[in-house]
Amino acid sequence: MAHNCNACAFYENHAANSDSQLSDAGLCRANPPVTQKDADSRGYWPVVKPTDWCGEFATKFAAE
C-alpha cells in the first residue's frame, strides 16, 4: 500500500481552490485552512498531488 495523499483519509480529490482547475490535484484537509495575508481574505487548504506525501499520513479517521 502506498503512503501518499491519494490513499489518505484527509485527501479530497477535486478541483483546486482557484478559478483554474488542475487535473492532477486535490486538497489536503488534515489541518485547518491556511490563512492569507489580508484579514478579509478567506483561508485555503493546501493543494497537493495524489502522489505527494507527508508525515501526517492516515488511512482512516481516528473515530472509526
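**View 1. A search of the whole structure turns up zero disulfides.** A disulfide is a covalent bond between the sulfur atoms of two cysteines. Here the term covers a pair of cysteine sulfur atoms within 2.5 Å. Cys 28 counts as buried, because its relative accessibility is 19%, while Cys 54 comes out as partly exposed at 37%. For these labels, buried means under 20% relative accessible area, exposed means over 50%, and partly exposed is in between (1.4 Å probe, protein chains only).

A quick note on what you're looking at: this is a predicted model, where local features need pLDDT of at least 70, side-chain atom pairs count only at pLDDT 80 or more, and totals for chains, interfaces and linings use all residues. Residues are numbered from 1 along each chain as its sequence is written, and side-chain values use heavy atoms, with hydrogens and water left out.

**View 2. Three strands line up as an open sheet in the order β1-β2-β3.** The pairing is antiparallel, and β1 (11–12) and β3 (47–48) are the edge strands, each pairing on one side only. Strands here are DSSP runs of E with at least two residues, helices are runs of H or I with at least four, and both are numbered from the N terminus. Two strands pair if DSSP finds at least two bridges between them. Zoom in on β1 and β2 (residues 26–28), and you'll find two bridges in the antiparallel sense. Which residue in β2 is the bridge partner of Tyr 11? That's Cys 28, the buried cysteine from View 1.

**View 3. Arg 29 and Glu 12 form a salt bridge.** The search of the whole structure finds one salt bridge, meaning a side-chain nitrogen of Lys or Arg within 4 Å of a carboxyl oxygen of Asp or Glu. In this pair, the closest N and O atoms are 2.6 Å apart. The bridge links distant parts of the chain, with Arg 29 in the loop between β2 and β3 and Glu 12 in strand β1, 17 residues apart. Arg 29 is partly exposed at 28% relative accessibility, and Glu 12 is partly exposed with a relative accessible area of 28%.

**View 4. Asn 4 sits in the segment before β1.** Is Asn 4 buried or exposed? Asn 4 is buried, with a relative accessible area of 17%. Asn 4 and Trp 53 are 49 residues apart in sequence, yet their C-alpha atoms are 4.4 Å apart in space.

**View 5. Gln 36 is found in the loop between β2 and β3.** At 35% relative accessibility, Gln 36 is partly exposed. Leave aside its neighbours within four places in sequence, and Gln 36 is in contact (heavy atoms within 4.5 Å) with Ser 41, Arg 42 and Tyr 44.

**View 6. Stepping back, the protein chain has zero helices and three strands.** Buried residues make up 19% of the 64 residues. Of the contacts with a separation of 6 or more, 45% come from residues 24 or more positions apart.
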